[in-house]
Amino acid sequence: MIIIILLLIALLGNLCLKAVYSKHFKALNINLRWTMSYATGLMLTSTLFFLLNRISIPPLLIALLLVAGIGYLWKRTESSADQYNPMNIRFPNFQKKNWLSIVLSTFIFTSLGIGTYLFFIDTYNEPHGLNDAWSYWNLRAKFIARNPSGWANAFSDLYFFHGDYPLFETGLIGFIWSITGKESIFVPAFLCLSFYWMIVWAVYGFIKELGSKINAELAALFLSLTPFYVVMLSSQYVDMQAGLYFLMAVGISVIAINSKNNLWYILTGLFAFGAGWVKNEGLLFIIVFFACLKLYLLLKDRKNWIEKFKYAIMGAALPLLSILIFKLWIAPTNDLIQEGGDLFSKLNDPYRFHFIADFWKVKITDFGKWIGNPWWLLLIYIPAAGLNVSFIKKHYWTYAVIIGMLVGFFMIYMVSYIDLFFHLSTSAHRLFFQLLPVFLFIYFASLKAPFKEA
Amino acid sequence: MFVPDFTIMKVSLKPLSFLKIAVFAILFYWIFQQLNVHWNTAKALGQSTTFNTTKIESSFISDYQKRYAGLDSILKPNGRYMYKSDSVNFPLYANNYIISQYTLAPAVLLENKLTDTLIFNLYASMNIQSAGAQYLAQGYTVFYQNSFGVFLLHK
C-alpha cells in the first residue's frame, strides 16, 4: 500500500513538472526527471495536506483531491499534441556501455543492495527508528493521524518534544496513516528507504546532466559506500531528506543559470523553501542559498535578477505559506532561541570557538564512518581528472553556499544553550551529512571526466 | 547475450596517464575495502538477528479511537488528556490525565494526586503484570482495561 502511495506521489510530481516545463523537462536525463518528480510530489503532498488541513478539510478528501489532480493532469498530458508517457522507460543498452561504467554501476547496485538488506534487519530490530524518530518525528505524526482536526493545539502546549520542528516528514506520515487508518511502521521506514535510493540517484542524475558520466558514477558510489548513510537510512531521521532538498535547490539553480529559462527558478524556490519545511536547518539554507544566488545574479545579470526571483517566490509559495503558518501560529518558540541566554558573551567566548573548531577537525574526517580519511582520495582525484573550468567560472557561487552553511552551523553551536560537547556529539555528524550530497555534486561537477567517454 | 565492448576499452584506456591509473587503483582499493565493511556489517547483523513474524505484526499500533474509546467514556466528564514524553516530568493538575503517546514502553504514566488513578498505556495488555506490579501490590485494582494495552488502575 505504502509503495503504491509513494508511486502515486512521484507520478503527481512528474505530471506537474511535465505540465509546467513540457519539452524542457523531457530534455533532462531520466534519472533527474524521476528524482525531481519524487521530490516535487512529496513536497506538494506535504504542503497541500498541511494547508488544506488548516482549513478543516478531512485527510480523506485531501487524498481524493490529489488523486483527482493526478487524473486531470494525466488526461491533459494524454490529450495534448505533445504525447508523453511517463511509463515509457527505456532500459539501458549494455552493449553500448563502457566497461568501467559497467563495473562502477555493479558496485553501486551491490552497495545499495547491501544497504537495503541492512535496512530490513535494522528496521526489524528497531521498528520505530532511533530515539529522535520515535520521540519527535513519528510521535508527532501520531497526533496528526489520531486527531486530524485538533493536533495543532497539542503542538503549541508541548515544547519538550520539539513541536517547532517543521512538518514535512511528520505531515506526510500523519497524512498516510490517517487515510489508511493504520499507524503502520512501514510508512516512515519505506519513506526513508525511498530517500536512500533517491539521493544516490539524484546525485548521479545531476552530475551526469552537468558534468560527466564517469564522475556521476563515482559520486553515486562514494555516497552509497558511506557507512553513516546506512545508519541514517534505518534511523528514520530527516537529515537525508534535508540533504536531498539542499541538493535539488542547488542543482536546479545551476540548470536554471545554464538554460536561461526563467521557469526553472520556480522549482528552485520550491526546493529551497521546501528545505525549510523539512528541517530547521533548511531555514538557514534559505537565507544562505538566496543570499549567494542573489549576489551572483547581481554580478552577472543585474537587470533581470528581480524577474528571476519573482519566479522563485512563485515556486516557494506553498512551502513558504506552510512555514509561516506553522511557525507563527502553531509551533512553540525554538528551544535554541527560547533558552538562548546571553548571546553576545557566548559569541565572544574564545573557549567555545576553540572547542567547536577542535571537535569539527576530528568530525569532518570521520562523520561518514569511512575507512581512513576519504578527503585525501578526493584530493588526489583532482589532478587525475582535471578541473572543469567552465563550471567553476560559472557556478563558483555554489561553493559559497557550502561555506555559508558551515559558517551558519558554527554560529549555531557558538550560541547554543545546550552543553556544547553533548550538542556537538549528537548533531555535528548529521549536519555535515546533510551537506554531503550537495558537496559531492559540486565537487564532481567541477571536474572533467578522467578520460574521454565513449 | 551480454558481450562487453572491448574496442571501447582500448580507446578509453589510451589517454590514461600513469597518474590516472595510480589514482584509479587507490580508488578501487578503497571501494573494495568499503564494500567489505558493508558486507561484513550486513553478515554480522543478519547472523545475530533471530527473525520471528510476530514482532513486526505487533508493531502495528491500533488506531486512536479504538484504543482510548473506553477510557474516554470514564475520564472525559471530569478531566482531559494531555500527552507526555517519556523523559520529562510534566506538572500535575487535578483531573489532568496524562497519557504517553508512545506506546512501546511499558511505562507508568501519571499518578493523579486527587483520585489515586493511574493510566497505563502499554505495548501489549499482558505487560500490566510486570509494569503495574508495584502498584498492584500497593492495593491498586484494575478499574478498566482493554485488549490494546490501556489500563486504568484505581485505589
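**Close-up views of a predicted model**

The structure holds 0 disulfides over all chains. Keep in mind as you browse these views that this is a predicted model.

View 1. With 0 disulfides in the structure, it is still worth looking at where individual cysteines sit. Cys192(A) has a relative accessible area of 0%, so it is buried. Cys292(A) comes to 13% relative accessibility and also counts as buried, because the cut-off for that word is under 20%. For background, a disulfide is a covalent bond between the sulfur atoms of two cysteines.

View 2. Most of α3(A) is covered, with 21 of its 25 residues buried. At the start of the helix, have a look at Asn29(A): one of its side-chain oxygens comes to within 3.2 Å of the backbone nitrogen of Asn31(A). At the other end, just after α3(A), Ser56(A) takes a positive phi of about 60°.

View 3. Strand β5(B) covers residues 141–145, and strand β6(B) covers residues 150–154. The two strands pair in the antiparallel sense over 4 bridges. One bridge to pick out joins Val142(B) to its partner Leu153(B) in β6(B). Between the strands of this hairpin lie 4 residues, and Gly149(B) in the turn has a positive phi of about 110°. In β6(B), 4 of the 5 residues are buried, so this strand is largely enclosed by the rest of the structure. As a reminder when you follow the side chains, in a regular strand they alternate between the two faces of the sheet.

View 4. Over all chains, a search of the whole structure finds 4 salt bridges. In one of them Lys279(A) pairs with Asp239(A), with the closest N and O atoms 3.4 Å apart. Lys279(A) lies in the loop between α13 (264–278) and α14 (281–300) of chain A, while Asp239(A) lies in helix α12 (residues 239–259) of chain A, so the pair ties together parts that are 40 residues apart in sequence. Both Lys279(A) and Asp239(A) are buried. Lys279(A) also forms a salt bridge with Glu281(A), where the closest N and O atoms are 3.1 Å apart. Glu281(A) is buried too, as is Lys279(A).

View 5. Asp358(A) and Lys361(A) form a salt bridge whose closest N and O atoms are 3.5 Å apart. Both residues lie in α18(A) (residues 350–366), 3 residues apart, which is about one turn of the helix. Asp358(A) has 42% relative accessibility and so counts as partly exposed. Lys361(A), at 59%, counts as exposed. Elsewhere, salt bridges that share partners join Asp239(A), Lys279(A), Glu281(A) and Arg430(A) into one network.

View 6. The secondary structure of chain B comes to 6 helices and 6 strands. Starting at the N terminus, its elements run α-α-α-α-β-β-β-β-α-α-β-β. Of the 155 residues in chain B, 41% count as buried. Among the contacts in chain B between residues at least 6 apart in sequence, 35% join residues at least 24 apart.

Technical notes
Residues numbered from 1 in each chain as written. Chains lettered and ligands numbered in written order. Predicted model: local features only at pLDDT ≥ 70, side-chain atom pairs only at ≥ 80, totals over all residues. Heavy atoms only, no water. Disulfide = S-S within 2.5 Å. Buried < 20%, exposed > 50% of the residue type's maximum accessible area, 1.4 Å probe, protein only. Polar contact = N/O pair within 3.5 Å; in protein donor to acceptor, adjacent residues only side chain to side chain. Pairing = 2+ DSSP bridges. Salt bridge = Lys/Arg side-chain N within 4 Å of Asp/Glu carboxyl O. Contact = heavy atoms within 4.5 Å.
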